[in-house]
Each structure stands twice: as structure tokens, then as C-alpha cells.
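Please open the structure in your viewer and colour it by chain.

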2 protein chains.
Amino acid sequence: MGKRTIVYEKPIAIRSWATVAGRKEGRGKLAQYYDFILEHNQFGEKSWERAEQKMQQYALELALEKANLTASQLDYFLGGDLLNQIIATSYTARAANIPYFGLYGACSSLAEGFILGSCLLDGGFGQRTAVCTSSHHDAAERQLRYPTEMGVQRTLTAQWTVTGSGAYILEQGQGAWQVTKAVPGKIVDRGISNSSDMGSAMAAAAVDTIASFLQDTGGLNDLDYIVTGDLGKIGYEICKKQLQERGYDVAGRYFDCGMQIYHEEDQDVHAGGSGCGCSAVVLGTKYLPLLKKQGRGKLLLVGTGALLSPLTVQQGETIPGIAHGILVEYKGEGVL
Amino acid sequence: MGKRTIVYEKPIAIRSWATVAGRKEGRGKLAQYYDFILEHNQFGEKSWERAEQKMQQYALELALEKANLTASQLDYFLGGDLLNQIIATSYTARAANIPYFGLYGACSSLAEGFILGSCLLDGGFGQRTAVCTSSHHDAAERQLRYPTEMGVQRTLTAQWTVTGSGAYILEQGQGAWQVTKAVPGKIVDRGISNSSDMGSAMAAAAVDTIASFLQDTGGLNDLDYIVTGDLGKIGYEICKKQLQERGYDVAGRYFDCGMQIYHEEDQDVHAGGSGCGCSAVVLGTKYLPLLKKQGRGKLLLVGTGALLSPLTVQQGETIPGIAHGILVEYKGEGVL
């Protein structure tokens, strides 16, 4: 086995999870599967940033409740978001009051957290960890692009930042869903500097990570699903084509979380969903249940991140992409 | 031993390191110990942000050179900085072209990277990792407070963000300097919302981390140095006093990196140095050499971070503090 793919020796279970989604997401394709849907994106708070923090905190509380745990039974909290200095996650960690590792992998942060969290459990540094991420459309828009209230016209390559949060509880031991392998991402930069075309900026990183995993583990045969985090329609096509060029025909088993959330015909999100909350809500509402429905299966979740700084983009720099992969296997012995 | 302190089972060596410092820092108390001093803080680049990235990349190259390694011999790159979306670190990771975990712990990011990097090595997930952080006064000022060119008058509680970067190479195996224990930080928020008084915002988190470590490991007797990252004069006094109140008389062995960089009498930095680069340059130029000079010793480095988002501070939120601790022991069998 190649060097880049990590193989966890101990069993690591996804013990529980919860998802919280915004109003628009709550009217989309996964409407009936979210644990909680916001009636209004401000969630009763005076700012979108506060709403995002409340959303992430609520997701964590729900995930803990499902597992019949309290925060004090967690050894670590890992997470990140898109806000300046990942403040939504830091405030959630403050409420949880447990050892906290703040991560920044942009929209790949969930998968980054899964990798590092699983390493902490497999390495014997703890029994249980939470991994949480969130994004909020209105907060992200003004963080990364233009003042949200300006309502700048969106290009067709633009993606819609998902208002949503997912919290996952990982623990040492057997469970229905197991994290068994991981492939950490490298920065791949294809010279894109358009902050409204993130799919193109991230696709090559996804290809690099998926190809590394397939090379290390013996190819596609053993894999039921490959799911990228938020490449959207444009990035998805680039990724599929480039994998094909490398000899991997992924048709029929490759999907993108950014294409699963909104109704294409009437929700007007152009290239699809994106954000730290995108893969965080789709993994829990669609793919983990799908594995269970099938009774078995292996899923490679590839969290994709555009490490976009609005400042350096204004300075003419390009956008580095990264993609972190984790393999989830359904074993059929539920603890949930 | 208590639960929060991590004890590494395998030997983990700090194989090499390098520090790069800005012009002002290069005229300070540690002037003669930096590996490289910038003649001008723009470092030949067209922006301070680019200069910061170049500085971090240079620190990594120097550290690799000292260890007679190339970047491709590293399994991981962990790091962070203060810029929006930690872009200086991401660009450095792009140049290094190795698996990358972006971290955000504000000024505690170096210690956070040491903890997670050591966990990756101790857990057997790799042989060797780089941990890098940087900060740049002029870039940080406009990131976190006011446009740098405005030259806003600084309060006496303000600290001066260090222009500097440190890169450390950790590897599995025996070495002169070993990382043997760690204590991950929890968020502690004392309700401070003044972004010009970071020392006060972080001090309680440092106390919490240090006290946890001392409680877990049997007290002060075994410890030669406790060094906080960047509390500055004000935070240092609060931390010392609060430790005393908890029964730990740390006088004579407690120091703060933020008080080691500048000449107090004529460099006009008010409460001291701060930033991701602060502990990163002081650890390598002062404390690791000091341990060697003594021939033995144990140092608890406590990276302190104010998870300050300028946006949420404007919204009236308070600043969460965090402190990550690592124990470095000098064993006297140098590989450097």
C-alpha cells in the first residue's frame, strides 16, 4: 500500500450525527432528511454570524443527544468554518468546553477533521471526538465576496454557499459506519483567480486525491461511491473527465454533494451548493443512510476546499485547492 | 495521570528548525540568533501578505536544509497564520507539495501543530512532519484591526504583532530535543472584547492549560521552564498571579515569548510582542538553545491564542482565548 493513504488499525465508528439546514436548503431535495430546518436564516439572532454559530452548536447538541452523550464525554472537538478566524466553530467549542483543535481547510474542513480525529482515536489519544463544520450563505458571501445586501448578480459558474451545519461523533470501537482509511490532501493550484468559479479551482485537487487513493488501494472495484464535497456541476464534470483521462471510469458511482441539495429547476443556484456545511449535511442526510439501505458498501468522501482569501485574490493571486479523502464502510452492526 | 495530558509513547525528535525575522525584530534582543533577518518588511514583494508567505517558505527551506532533507521527505505539513483563511501557510504548503493540514489556533497555532504533528508521528501515521507558522505586523494589523497605513495610535495594552516565521521538523526517533507530552487547549473566554488587549483575553486560557498539565503530571518540581507564547506584560502578570492563586508559585521559571523579542526601552511595543510568529521565533532562538546550554531540562511551551474575528468583535462579541501546551525535553544526544 502506498504511503499517502492512511489505514486505521483500530475500529473507528461514526456513532451519531446531526444536520441543521437553512430555509432554502430545507425546501430542496433533501428537505425531509434534515434534523432541523431554520425558519429564517437569522435563527432569531441579530447577525448571520451569530446564526451560524447557533446552528453549529445546535447540530452538536443534537448529535450528542442521539448518542446519549454529553459534551464532557468527548475528548476532543475538531472543526472549522468559512468565517474570518473560524469564529463560529470557536464559539461552539467555547460552549462545549472540551479540548479544541481549530482547523482551516475551507470546505474540506469536515474531511480534514475526520482524518485528524480518526488519527487521534486510532493513535490512542482519546476515546471519542466531535467533528463539526458549518457555513451560512449570507455570512459567507460578505466574508468572501461582496456585501450580501448588495445582491451582486451571480455568474453562472458561481455556487451557492449552503446554510447548514453537520456534527459527527467519532469513537473507538465497532459500529455500523466505520472510518477505515483516509487520504490527506495536497495543495493543487491550477491558476484560477476567479472567486466565482470555485469548482474549477478545486477539481484538480479532487482528482489528485482520488487518484492517489485508487492507486494506493488497488482501484475502483472495491468502491461503491466516490462523493466530492462541493465541486458543483462545473467542477464535477472537470473531475470526472480528468479521472477518465487517468484511466478511472467513475461513471455511475461518482457524485458531488453540491449537486444534491437544491432543486435545479427552480432554486436558482447556478453551479450548485458549496461551503463547509455542504458535505457536512449531505453525508449525514443522504450517503450514510444510503449505505445502510444497501446493507453494505464503501464510500470515499472527498472534501474539497478552495483556500480562498478575498484579500490575496484582490492582489491577483490564484486560489489553491485541496481535497481530503476519508473512506467510510457500512458494516451493518448499528450502535445508532 | 489525568486524561487531558497526552503522553507520547514513541520518541519524537525536533530534528531541526529555522527562524526568519523582520527588520524591527532583527534589531531586538534576539538579533544575533535569527537564521535570517529581513532588510525590509516587504521582502522584495509587492504586498505584506506576499512577504509573509515568502518568509514562511524561506523558514521551511532553511529548516529542511539544516536537516539535510527535501520537502518530499516530509509526510505532512501542518501550520497556520493570522491572515484571512491562513493564506500564507496555504501558499507555503503549495510550494512544499506534501499532504497539508491547515490549522487555525491564532497565535497558538505553532503549539497546536506540535501537538497534532506529534500525534501523527506517535500514532504511526508518518515518519516526519513540518510545523510552520508566521505572522507579519503590517499584514496582521490590517487583517485584525485598522488599515496599517492609518497609523492608529496604539493603546498601552496593545501588543506588537511579530514579523517572523518559524519552521520545525519533527520526526520519529531519538534526538537531542524531544516532544514528550502535550496538553491540548480548551476555550476560555473572560468576556474581553477589546482587540487591543489580547494579553488579558488569553491569560485565563494559559492558566487553565498550565494548571491542567501540572495537575496531571505531579506539579512544578520536574519543570525547568514554563513559557507562554504571547501574553505580553499584562497577560504575563495576570497569568502569574492566577497560577499563584491556584497554589503554583512559578516565579523564576515562568517567562513569556512576547517579552523576549524587543528592547523595552526604545522599541516602543507597549505590552510586548504577539502573533503566530512570536513563539515560533522565540522557541528556536532562545529556549531550545537554552536547554542545550544547560545540558538538560524540561520546557512547557504554552502557545496562547486569541481567536479574534474583527467582524464579531465589531458585533460586540467577546474574544475566546485558547492555550495549547507541549513539553520539550532536552536529552543531550543531538542529531542536529
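Contact here means heavy atoms within 4.5 Å. By that rule, 56 residues of chain B are in contact with 56 residues of chain A. The model is predicted, so local features need pLDDT of at least 70 and side-chain atom pairs count only at pLDDT 80 or more, while totals for chains, interfaces and linings use all residues. Residues are numbered from 1 along each chain as its sequence is written, chains are lettered from A and ligands numbered from 1 in the order in which they are written, and side-chain values use heavy atoms, with hydrogens and water left out.

**Confidence.** Select chain A and colour it by pLDDT, the predictor's confidence in each residue, from 0 to 100. Its average is 93, and 98% of the residues score at least 70. The model as a whole has ipTM 0.96 and pTM 0.96.

**The two chains.** A turn of 180° with a shift of 0.0 Å along the axis gives an RMSD of 0.0 Å. This is the relation of a two-fold axis. The same surface serves both copies, as 100% of the contact residues of chain B recur in chain A.

**The interface.** Next, select Arg94(A) and Asp189(B), whose side chains form a salt bridge (2.4 Å, N to O). The term denotes a side-chain nitrogen of Lys or Arg within 4 Å of a carboxyl oxygen of Asp or Glu. Four salt bridges are found across the interface of chain B and chain A.

Then select the side of chain B that touches chain A. By class it has 28 nonpolar, 15 polar and 13 charged residues; Ala, Val, Leu, Ile, Met, Phe, Trp, Tyr, Cys and Pro count as nonpolar, Asp, Glu, Lys and Arg as charged, and the others, Gly among them, as polar.

**Within chain B.** Finally, select Asp35(B) and Lys66(B), whose side chains meet in a salt bridge (2.8 Å, N to O). Asp35(B) lies in the loop between strand E2 (12–21) and strand E3 (36–37) of chain B and Lys66(B) in helix H1 of chain B, so the pair ties together parts 31 residues apart in sequence. Helices (H or I, at least four residues) and strands (E, at least two) are DSSP runs, numbered from the N terminus.

Definitions and conventions:
Least-squares fit on C-alpha atoms with pLDDT ≥ 70 in both.
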